[in-house]
Amino acid sequence: LLEVHADALIEYGFGIEHFGDRTYLVRSVPAVLQGKNVAHSVTELLDLLGEGVKGDNREEEIAASLACHSAVLAGQSLSQEEMADLIRQLEQTSNSRTCPHGRPTMIHLSASQLEKGFGRR
């Protein structure tokens, strides 16, 4: 699959080259995957590409997969600046209420829910 889809991987920012019988060397990855599990990301992308998804749907699925693999993980510490930057980026998206897979990125809490949560009711 790596050989068959090499051009697509290059298009999405991966630099992968053959490095022996059944071994490949990852020379570069998209910046959004810096510090992430690259092997898992490449495997999932190859699974998507191997399914034969074509056209706009393919690009959308690959973009969604890269977005999920580059996401902030639960429990991951961020600086105030990083948190503020994430909020700014979220506000600039066309669908800021959910991730590409439909999970909520924010929830609405009424004043009464907040009061109840803080024991004020």
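# Briefing on a predicted protein model

The accessible surface of the protein is about 9200 Å², and carbon and sulfur atoms hold 52% of that area. The model is predicted. The protein contains 5 helices and 2 strands. Its radius of gyration is 19 Å, whereas a compact globule of 121 residues would have one near 14 Å.

**Overall layout**

- Read from the N terminus, the order of the elements is α-β-β-α-α-α-α.
- Taken along the principal axes, the box filled by the C-alpha atoms is roughly 65 × 30 × 20 Å.
- Of the 121 residues in the protein, 18% are buried.
- Among contacts with a separation of 6 or more, 40% are between residues 24 or more positions apart.

**Charges**

- The protein has 11 positive and 17 negative charges.
- The mean position of the positive charges and that of the negative charges lie 12 Å from each other.
- Side chains of opposite charge can pair when their charged atoms come close.
- Searching the whole structure gives 2 salt bridges.

**Salt bridge between the strands**

- Glu17 and Arg27 form a salt bridge through their side chains, with an N to O distance of 3.2 Å.
- Glu17 belongs to strand β1 (residues 15-18) and Arg27 to strand β2 (residues 24-28), so this pair ties together parts of the chain that are 10 residues apart in sequence.
- Glu17 has a relative accessible area of 35% and is therefore partly exposed.
- Arg27, with a relative accessible area of 58%, is exposed.

- Asp85 counts as partly exposed because its relative accessibility is 34%.
- Arg88 also counts as partly exposed, at 43% relative accessibility.

**The segment before α1**

- Glu3 is located in the segment before α1.
- With a relative accessible area of 59%, Glu3 is exposed.
- Apart from neighbours within four places in sequence, Glu3 is in contact with His18 and Tyr24.
- Between Glu3 and Tyr24 there are 21 residues of sequence separation, and their C-alpha atoms are 9.9 Å apart in space.
- His5 also lies in the segment before α1, a helix that covers residues 6-11.
- His5 has a relative accessibility of 15%; buried means under 20%, so His5 counts as buried.
- When neighbours within four places in sequence are left aside, the contacts of His5 are Leu46, Leu49 and Gly50.

- Ile10 is part of helix α1.
- The relative accessible area of Ile10 is 54%; exposed means over 50%, so Ile10 is exposed.
- Ile10 and Val32 are 22 residues apart along the chain, with 15 Å between their C-alpha atoms.
- Ser41 sits in helix α2 (residues 38-50).
- Ser41 is buried, since its relative accessible area is 1%.
- Cys68 belongs to helix α3 (residues 55-69).
- A relative accessibility of 28% makes Cys68 partly exposed.
- From Cys68 to Leu86 the sequence separation is 18 residues, and the C-alpha to C-alpha distance is 14 Å.

Note on methods: Residues numbered from 1 in each chain as written. Predicted model: local features only at pLDDT ≥ 70, side-chain atom pairs only at ≥ 80, totals over all residues. Heavy atoms only, no water. Helix = DSSP H or I, 4+ residues; strand = E, 2+ residues; numbered from the N terminus. Buried < 20%, exposed > 50% of the residue type's maximum accessible area, 1.4 Å probe, protein only. Contact = heavy atoms within 4.5 Å. Salt bridge = Lys/Arg side-chain N within 4 Å of Asp/Glu carboxyl O. Rg over C-alpha atoms; globule rule 2.2 N^0.38 Å. Areas by Shrake-Rupley, 256 points an atom, 1.4 Å probe, with all protein chains shown as cover. Lys, Arg positive; Asp, Glu negative; His and termini not counted. Charge placed at Lys NZ, Arg CZ, Asp CG, Glu CD.
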